[in-house]
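Take a look first, then read on.

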Amino acid sequence: MGRVPYGEMLQEQRDIFQDRVEFKKAGIHSGEDYLFFLEHTPVITLGKHAHKTNILLSKEDLRERGYDVFEVERGGDVTYHGPGQLVVYPILDLERYKLGVKSYVSFLEEVVIRTIAEYGIIGERVEGASGVWIGKGTGNERKICAVGVKISRYISMHGISLNVTTPLEAFRVINPCGFTDKGVTSIEAETGLKPSLFEVTRKMQRNFLELLGTEIAGPYCSLARYPQS
């Protein structure tokens with residue numbers, strides 16, 4: 001989808017999500033599944049359990065520096081989205097894939113672990129901390145991908161944000177995901193490579209489909225606005 005302001009994409013997600021939840025409540029087929037791939041203009045988002053002290057500047061100072069600020073319904077604490085970061089919003093009926101909340105989060109992490117492995121990066125899970133991490137068990141644990149979701153009636157929204165060529169200094173205005181003792185990283189920082197978001201999107205799309213075990217681009221899925229060139 002290219003670079004999309006956060007508020008615009010948030011509203012589109014909410015509209016689709018709410019329609020699908022209402023269909024399920026009524027016992028109607030919940031409709032198509034979606035994968036949105038995009039990047040955002042600079043924004044700070046707070047999950048429903050976020051501690052506002054993890055934002056290190058006032059909202060006024062953030063806006064002066066070009067950051068928008070949103071409080072949203074996903075899980076997790078404070079995070080940053082911006083240029084050079086691939087954001088993926090799956091709006092799926094998890095019952096179709098026999099996924100519960102915990103297994104869905106693990107699924108999203110595995111999609112990312114497989115994707116960054118194609119760049120020679122070993123991604124891992126850290127107990128008690130969602131997302132994908134580098135340097136597990138060392139004094140230099142650093143997060144390359146954040147995960148935050150909302151699920152109702154097994155319909156998902158929100159998703160993952162993978163740092164590809166994200167300028168890491170952009171995270172200095174927050175304690176990312178609430179951590180003060182862990183860092184952040186990107187594909188570029190780990191490898192020196194600067195893959196395009198389109199290239200990473202293609203790899204990630206393939207890993208989504210393989211891990212779901214079905215071609216969800218079939219009758220139950222729209223790869224919404226997916227770039228064709």
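This is a predicted model: local features need pLDDT of at least 70, side-chain atom pairs count only at pLDDT 80 or more; totals for chains, interfaces and linings use all residues.

Residues are numbered from 1 along each chain as its sequence is written, and side-chain values use heavy atoms, with hydrogens and water left out.

**Sheet and helix**

- Three strands make up an open sheet with mixed pairing, in the order S4-S3-S5; strands are DSSP runs of E with at least two residues, helices are runs of H or I with at least four, and both are numbered from the N terminus.
- Strand S4 (68-71) and strand S5 (78-81) are at the edges with a single partner strand each, so one side of each has no neighbour in the sheet.
- On average, neighbouring strands here are turned by 20 degrees against each other, direction ignored.
- Strand S3 (residues 43-46) pairs with S5 in the antiparallel sense over four bridges, where pairing takes at least two DSSP bridges between the strands.
- Ile 44 has Tyr 80 in S5 as its bridge partner.
- Helix H1 (residues 6-25) lies across S3, S4 and S5 and runs at about 25 degrees to S4; axes are lines fitted to C-alpha atoms, for helices over the stretch in contact (heavy atoms within 4.5 Å), and angles run from 0 to 180 degrees between N-to-C directions.

**The largest pocket**

- Rolling a probe the size of a water molecule over the atoms shows where empty space is left.
- On a 1 Å grid over the protein atoms alone, a cavity is a set of points where a 1.4 Å probe fits but cannot get out, a pocket is an open set with protein on both sides within 12 Å along at least five of seven lines, and lining residues have an atom within 4 Å of a point.
- The largest pocket comes out at about 650 Å³, a volume being the space filled by probe spheres set on the points.
- Its lining counts 34 residues, and Gly 75, Gly 76, Ser 130, Val 147 and Gly 148 lie nearest the centre.
- S9 gives the largest share of that lining, seven residues.
- By type, the pocket lining has 15 nonpolar, 11 polar and eight charged residues, with Gly counted as polar and Cys and Pro as nonpolar.

**Cavities**

- There are two cavities of 30 Å³ or more.
- The largest cavity holds about 80 Å³ of space, and its lining includes Thr 79, Lys 143, Cys 145 and Phe 171.

**Aromatic pair**

- The whole structure has seven aromatic pairs (ring centres of Phe, Tyr or Trp, the last by its six-membered ring, within 6.5 Å; planes under 30 degrees apart are stacked, over 60 edge-to-face, the rest tilted).
- Tyr 6 and Phe 70 form a tilted one, at 5.2 Å centre to centre and 50 degrees between the planes.
- That pair links distant parts of the chain, with Tyr 6 in helix H1 and Phe 70 in strand S4, 64 residues apart.
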